[in-house]
Amino acid sequence: MLSRVADSLYWLSRYVERAENTARVLDVQLDLSIDLHHLSRKEIWQQWESIVIAMGEEQNFNHSGLAHTAQGVAEFLAFQPSNPNSILTCIRYARENARSVREQISSEMWEHLNSLFLSVKNMDSSKMWKEGPHRFFKEIKGAAQNFHGITDATMTHSEGWEFIRVGKFLERADKTTRLLDVRHHLLQSDANRVSRLTDSLEWVAVLKSCSAFEAYRKAFNSSIEPQKIVQFLILHDAFPRSTQFSISQVADALRNITPVTQGQFVNTAQKTAGRLRADFAFWDINDIFNPGLHQFLDALQLRFNHLADAISQCYLSHSQAYPDEVEMTIQQQQ
Amino acid sequence: MKIRIVHRTLFEYEGPVVNSFNESRLRPSTDPMQQCLEYRMLTEPGAVLRSYHDLFGNQVEFFEINHSHARMSVETHCVVETLLSNPFDFSQIVSFEDLQSAINRETLHDYLIESPYIPLTPELWRCAMDLHQPQTDVWKSVLNINEHLHRNLIYHPGSTTVQTSATEALAQKSGVCQDFAHIMIGILRSLKIPARYVSGYIYESDAMLEAVDREKQTASHAWCEVYLPGVGWRGVDPTNNLVVNDHYVKLAVGRDYADATPLKGTYRGPKTRSMQVSVKVQRMEALVG
Amino acid sequence: MAFLLLYLFPLMPDAFQNYSFDGFYEEMFEAPNKPRPHYRKLHRRLTELAPEEFTEKNRMADAAFLAQGITFTLYSGEEGTERIFPFDLVPRILPASEWEKIEAGLKQRITALNLFLHDIYHEQNILKDKVIPHEMIASCKHFRREFMNFSVPRNIYAHVCGTDLIRDQDGSYLVLEDNLRTPSGVSYLLESRKAMKQIFPNLFADHAVRPVEPYCQELLTMLKSITPHERENPMVVLLTPGIHNSAYFEHSFLAREMGIEIVQGKDLIVQNSKVYTRTTHGLKQVDVIYRRLDDDFLDPSVFRKDSILGTPGLVAAYRAGNVSLANAIGTGVADDKAIYAFVPAIIRYYLQQDAILSNVPTYLASNPKELSHILENIETMVVKPVNESGGYGMLVGPQATREECQAFREKIKASPRNYIAQPVIPFSRLCSTAGQAFEGRHIDLRPYILYGEKISIIPGGLTRVALRKGSLVVNSSQGGGSKDTWVLYGDE
């Protein structure tokens, strides 16, 4: 299919996933804040700040002039137009991408994204706080999930659908590891830090941020053990939000896009994805904690970036990064 | 006269660019007035050169550089023999009536109507009327206009851009050779004299430098040609108030700059940071001795 | 909307009660309440419709169009408002005998126009023989000198043509204009037929209507036939300006129906003078481009430099004979309304025949005598710029103010080559729905002609209707809608 079209499908998927992720994270943090009001102001702020850091938007946030409070972060992550990762911006981009490839997606998919955009567009911070933020985030999550369902049900599972799959799961893997990295850092960093009663609440929040709480509990009963949580979120092969699962999906999709014999690969994207999948299959909890969780996650992030680049290079490069034609200013004046 | 030219253009971009597609009219023409003896074009990055003849008879080369690159240079080397040592070598006097009845409007139509850079405005027409003395000799009229423009327009690099039309240049009464040529052509066409744009080079010998104001040396040059029945196309250079002789090397002709652009193209990527041009025009006998 | 207007009196049998002709040729009726033979069955069905049925059918039309995505998208800023394409339920019916004449006329016309285009770009005999003044062509905005002596596959320039026809007071068909650049509207035609089949299935059973569905298949066959390279399955793509173009729906529709890729300029790349599409699996060479982009926008390195819609190097590839374009570059010459005035002469010159379909009498402002006529009679004429389409930039004398007429006179005098004028032809009307009754509305007809190995003309064409009472403007961009057009196998 046309590179440009694949590029749009890939990105529209990433944006939808990103919006959902942000909504979920904000929702959980708001919930958590209610139980943490006994913490010092600094500590509470650190929590909120960590979300911004997890999204790589620290500098942008500091420039935005928004208050260093919960409201400030919520505003920044939900509605800020200058934040390319805010919910509103993500949904706008998702819709723009969808619009440009209308023929490739089903009308249900388009109508769904379009109405989501129209409803979010009319929302702003004050309205959200008045009507209750939880409702807003729930709408976003629901819309994203419905979008996936509609996509799976109404779009032929051929190349275009596979690119949507790649985008969604790559985004998911990326965001999950980032969040884990930052929150874990927060929870473990201070050597003098006394273990708090609220630690377990915070770990539960991490799980809920990944929609993993209930699944985790089913797997491990009641014990909230950080090591187990990390293991679950990274290595579980059947939980759809684990990193392993996500990368596996990406690798599968790439192999469907360019069919190749099992055990071989035709391009860097497949090779990178395949390698990752293989590593995941053989990693255990020690492989994660021996080098240090942060180091492990950092290295993983780097590999995800390489994978995204490779995918871009191999399939999407022709339409990437460059604006439309620019005329050379070569007409010499004589 | 045997003339050697080396013309180098270097583009540097703000970052890597791709899909560069370019067209050039840098090969000197071969006609009764000049012979192109040697020519080669080099590009860096290297590219395959293809060519075709456009409707004005210019040989056009085109090439593409698709892979990523951050700079592009185009360099031509040529040796041309120019033959018109005496541009006043014709004796016919062509009157305006002769002109109207003799010219084949079909083949010269393009050179009588307006073109993208040269709209035939009332201002141009008025200017033409002012300059048109009850002179019935077309050639004398042309020379008058040539001189008048040289005296009354200010040669001022930077006062116009590559997009400036004849209308704008005339309004501000200044420009560079491109603008001088456009204005002159506009006036000639308003007088129903077929006129066309020429891009090329001028060799400025020491002797010429005395006659010409030093400031006006532009290595890559533009002038115009008028059509006289029975004689053919004759060049005049309003920038220098000269009649085109064997010191001029012709690259391309057209209705205006748009048809004769030496080098143009498009690419995908960030802006062009700089464009550097260098042109060296030398007389070969001088080199040998 | 419609349901809010439900009245309580039985309306349909009386729906024609106040039907007036107003001196125009009425397609459906010979005389008040006397339908023409080919409209009899339709007329009866319409009078038998109960109000609820009528409302329901309107609703079905709207729903069908919306569901199938036949909408106009008006983009203001980033929001797109989808408007349902205005469609009128009452079809136009053409008996076979009428259609055969139209068809013959159109075939004659397209044959002559292609011969003309080829001649203009090669020997120019018609100019040498002074049938058309040389200046006419030389000053023609869309005359592409660069392509003189350029050979095109099968010597065909205009592969797809849309010719607009009207009917005068005597019921004769006249050609209003030829559209040989990128004529649009065929998608509405095809979708109207689909919708009608759902809305009036019984009516179709009652009439023997010629199918229009094969169009896309014929179009594809024709496109494949002009491939420059001998290939088993030539690669054909449709080049569109993109989603913001008002005809985008049609581009997308046609590409889908033909099963070909729809591309934008940025999806193509030219290497070694060959055209390729950028795909996820590398570059795929393109043989034929069905381009819905004007010549000017095809290639920023050649024509308009500010065009980001085209592909640099495309013209170089075309020139090298490595890709074919439908329509060829340069067909705009025949689109020029001033050249339109010469078409009967063109037919006589190349075919030694008289035109089967007449032109509307046309006055060229570039001709001094005709210019004075125009200036004197401007209030009774329709003045059109020679290169505009969509009904823009024209003056409808009888409906204009004195200032407007005066301003137009100045425009014409300043640039006579660019204007033509025609008397206002009172063109025909057809019964159309107007609220809860039927009234006559002006219609025209745009048949679509494909010229490949053979000439194929879709039966009927797009009937455009001026939805506003009294309006003569049928263009969709200015308040027009469409009707389904039925060509019968027989005469009833």
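**Exercise 1.** What percentage of the 334 residues of chain A count as buried?

*Solution.* Keep in mind that you are looking at a predicted model. A residue is buried if 20 or more other C-beta atoms lie within 10 Å of its own. By that cut-off, 45% of the residues of chain A are buried.

**Exercise 2.** Describe the overall build of chain A.

*Solution.* Start with the secondary structure: chain A has 16 helices and 1 strand. Along the principal axes, its C-alpha atoms fill a box of roughly 70 × 50 × 50 Å.

**Exercise 3.** At what angle do helix H13 and helix H14 of chain A pack?

*Solution.* First find H13(A) at residues 243–257 and H14(A) at residues 268–282. Their angle is about 145 degrees, and their axes are 9 Å apart. The crossing is left-handed. Now look at who takes part: H13(A) contributes residues including A:Ile247 and A:Leu254, while those from H14(A) include A:Ala273 and A:Phe280. Sorting the residues of this contact gives 8 nonpolar, 4 polar and 2 charged.

**Exercise 4.** How many residues of chain A are in contact with chain C?

*Solution.* Chain A brings 18 residues, which meet 18 residues of chain C. On the chain A side, H1(A) gives the largest share, 3 residues.

Conventions:
Residues are numbered from 1 along each chain as its sequence is written. Chains are lettered from A and ligands numbered from 1 in the order in which they are written. This is a predicted model: local features need pLDDT of at least 70, side-chain atom pairs count only at pLDDT 80 or more; totals for chains, interfaces and linings use all residues. Two residues are in contact if their C-beta atoms, placed from the backbone, lie within 7 Å. Helices (H or I, at least four residues) and strands (E, at least two) are DSSP runs, numbered from the N terminus. A residue is buried if 20 or more other C-beta atoms lie within 10 Å of its own, exposed if 12 or fewer, and partly exposed in between; C-beta atoms are placed from the backbone. Axes are lines fitted to C-alpha atoms, for helices over the stretch in contact, and angles run from 0 to 180 degrees between N-to-C directions. A crossing is left-handed if the near helix is turned anticlockwise from the far one by less than a right angle, and right-handed if clockwise. Ala, Val, Leu, Ile, Met, Phe, Trp, Tyr, Cys and Pro count as nonpolar, Asp, Glu, Lys and Arg as charged, and the others, Gly among them, as polar.
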